[in-house]
Amino acid sequence: MDFNVQDLSGTFSVGDIAIALALSFVLSSAIGWVYRATHRNVSYSQSYVQTLVILGMIISLIMLVVGSNIARAFALVGALSVIRFRNAIKETRDVGFIFLVMGVGMACGTRFYTLAVVATVAICLAVVVMQRFNWFQLNVQRQVVKVQVPADEDYTSDIQDVLIRHTTEFELVSMESIRGGAITELLYTVKLRKGTEPSTLIAALRERTSGQRVTILTGYDQTDL
C-alpha cells in the first residue's frame, strides 16, 4: 500500500498566500469601515462587520484552493452547499456588502490585485456619495394609523370623517377582528395635513370611537393612546 502524502501547496508560493490574505483583509476592513460610516438605522451590528472581513479572507482562501481546477471547484461548491444560515438580513444593503466582500475576496484569491483595489475604491466611493447626497430618497411622510372600535357598531364613516379633516390622503389597508370578536381593528395609511400633530388626530379619533385605543406609527416612532 502506498502511504505517500502529496502536498499540493507548491502550486502557489507563500508570498501569494500572504499577499492574497493580507490584501483581502485590508480591503474588506475598508469596506467594513465604509459600511459603519454610512449606516443610518439602529440595526448596526459589530458582529456583522467583523463577519464581512472574515468572509473576504475566506473567499480569498477558497479561490487559492480552487485555482484553475474545475473538478476542485465543483467539489467545493458541493461541500459549501450543505451550510445553512439562520440569521435574517436586516437591510437590503447588507446583502450588497456581502457580495462586495465576496467579489473582492475572489479577485484577491485569483491574484487580480489591481482589480480588487480599484473595485473596492470605486464601489465604496459610490456608496459614500449616495449616502452623502441622499440619493433616491422618497420623502412621502406617511403614517400608519391603527384604530380599535367595538365590533357591534360600524364606525367606518365616523373615522373617515376625522381623517378627511386631518389628512390629505388616507387608505384603508386592513380590517381585523380581535379579542374574540369583541373589537375590530382598522389599519390606515395616512398623510397628515401640514401643521397637524399626531396627538391631535388621536384625540379626534378617540372622540368618535368611544375612547378605544388609537395608535399612530411614523417610521420608528410611535404615538399610542
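Which residues in helix H7 (residues 198-208) are buried?

A: The model is a predicted one, in which local features need pLDDT of at least 70 and side-chain atom pairs count only at pLDDT 80 or more, whereas totals for chains, interfaces and linings use all residues. Residues are numbered from 1 along each chain as its sequence is written, and side-chain values use heavy atoms, with hydrogens and water left out.

In helix H7, the buried residues are Pro-198, Leu-201, Ile-202, Ala-204 and Leu-205, where buried means under 20% relative accessible area, exposed over 50% and partly exposed in between, with a 1.4 Å probe and protein chains only. Helices here are DSSP runs of H or I with at least four residues, numbered from the N terminus. Viewed down the axis of H7, the buried residues fall within an arc of 165°, so they line one face of the helix; the arc is that of the directions from the helix axis to the C-beta atoms. An α-helix has 3.6 residues a turn, so residues three or four places apart point the same way. Just after H7, Ser-210 takes a positive phi of about 60°.

Turning to the rings, five aromatic pairs are counted, given that rings of Phe, Tyr and Trp (its six-membered ring) pair if their centres lie within 6.5 Å, with planes under 30 degrees apart counted as stacked, over 60 as edge-to-face and the rest as tilted. Among them is the edge-to-face pair of Tyr-35 and Phe-97, at 5.0 Å centre to centre and with 80° between the planes. This pair links distant parts of the chain, since Tyr-35 lies in helix H1 (residues 14-38) and Phe-97 in helix H4, 62 residues apart. Tyr-35 and Phe-97 are both buried. The rings of Trp-135 and Phe-136 are also edge-to-face, because their centres are 6.0 Å apart and their planes stand at 85°. Of these two residues, Trp-135 is partly exposed at a relative accessible area of 47%, while Phe-136 counts as exposed at 72%. Ring pairs also link Tyr-35, Tyr-44, Tyr-48 and Phe-97 into a cluster.

As for the second largest pocket, its lining includes two or more residues from each of helix H4 (92-109) and helix H5 (113-132), and H5 gives the largest share, three residues.
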